[in-house]
Amino acid sequence: MTNRGDSSVAWKEEVLHRFSTDGDATKWNKMYGAETGTFDDHFFRIRRDRTLAFVAEHFTKDSKLLDLGCGAGPVITPLRDQGYSCVGLDYSADMLGFSRQRMESVGVRPDRLIRGDSTRLPFPDDSFDGVICLGVISYIRDYTAVLKEIFRILRPGGTAIISFRNRFNLILWDPWQTLKLCVRSALRRPLAPNTHIGRFLDYREVDDRCRAVGLQYHDFWGIGFGPLRVFGKRILPHRLAVPFSDAFTRGVASRSQGFERRFSDVSVWLYRKATGAHAREGDRVVATADPSDRSAA
């Protein structure tokens, strides 16, 4: 029988494989290097662009930023190119290799890239003005540990940008899934737990966990709707699903943030660490790297 520790190790090993060159690392790199036509890629590029726009509007070049789960560098590269002080951390050495290549391709010095575990970050308390964490928590078995670390390393008044894919988008656009949800609601049964790597998450659970560790809700962005499915199988090609989603967003969803929060595909939640807030003593991690040290990588 596999014990909990063994399964946690197996989970991490599978994540490493997923984000290796033998897995999906090359796909993720290409997604941000060209206008690939898939439905999911379209939303992820919008997520990148909105994140960059938010940073440009709300942070100065003196702000200390962490791109947590920086992957192939789609966010940290343009930020560094624009003169922002940003550290990148990722669990995958292969993804960090792509990040270095992306930086070099635009003439950015490929430093301040650290391989590390997002559940035990190698930074002191109150290190960063902003933490960007896009898509990471779906790949962490117990992502509460990541949220605690984000809270710990944020300076009071700092902002965290946390994104994941929303489970209820899948339910809305598949009549079979909608019917099952209605039956469960009528019987007052909770949704079955979703435990696979890269899982879509229940936004209510994520919000509850963020607040529980001390993060305060600030804002929300919803990106994308659909595609239409029947029994989990897509019925529209990407070339039709993308304009359908864009039209639906303009015509319906943009009029109600509540609707976007419940049903958009990519959920982006913004939280802040209250001024005067401090990390709980039990959550502290010994620091092994200074985010202001350019030689840390």
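Let's start with two helices. Helix α3, residues 39-58, packs against helix α10, residues 238-251, at an angle of about 40°, with the axes 9 Å apart. This is a predicted model, by the way. Angles under 35 degrees would count as roughly parallel, and roughly perpendicular begins at 65. So α3 and α10 are oblique to each other.

Who makes the contact? From α3, it is F39, H42 and F43. From α10, it is H238, A241, V242, S245 and D246. By type, that contact splits into four nonpolar residues, three polar and one charged.

Next, the core. The largest nonpolar core has 40 residues. Its residues with the most contacts inside it are W28, V55, L65, L79, I132, I161 and V268. Which element gives this core its largest share? Helix α3, with six residues. Take V55. Skip its neighbours within four places in sequence, and V55 is in contact with L65, L79, Y84 and I132. There is also a second, separate core of 35 residues. Among its members are L66, V87, A160 and F168. As background, nonpolar side chains tend to be buried together in soluble globular proteins.

Now the sheet. Look at strand β9, residues 266-273. Seven of its eight residues are buried. Strand β5, residues 154-165, pairs with β9 in the antiparallel sense, over seven bridges. There, I161 has L270 of β9 as its bridge partner. Strand β6, residues 215-223, also pairs antiparallel with β9, over eight bridges. Remember I161 and V268: both were on the list of residues with the most contacts inside the largest core.

Note on methods:
Residues numbered from 1 in each chain as written. Predicted model: local features only at pLDDT ≥ 70, side-chain atom pairs only at ≥ 80, totals over all residues. Heavy atoms only, no water. Buried < 20%, exposed > 50% of the residue type's maximum accessible area, 1.4 Å probe, protein only. Helix = DSSP H or I, 4+ residues; strand = E, 2+ residues; numbered from the N terminus. Pairing = 2+ DSSP bridges. Axes fitted to C-alpha atoms, helices over the stretch in contact; angles between N-to-C directions. Parallel < 35°, antiparallel > 145°, perpendicular 65-115°, else oblique. Contact = heavy atoms within 4.5 Å. Nonpolar A, V, L, I, M, F, W, Y, C, P; charged D, E, K, R; others polar. Core = buried A, V, L, I, M, F, W, Y, C linked by side-chain atoms within 4.5 Å.
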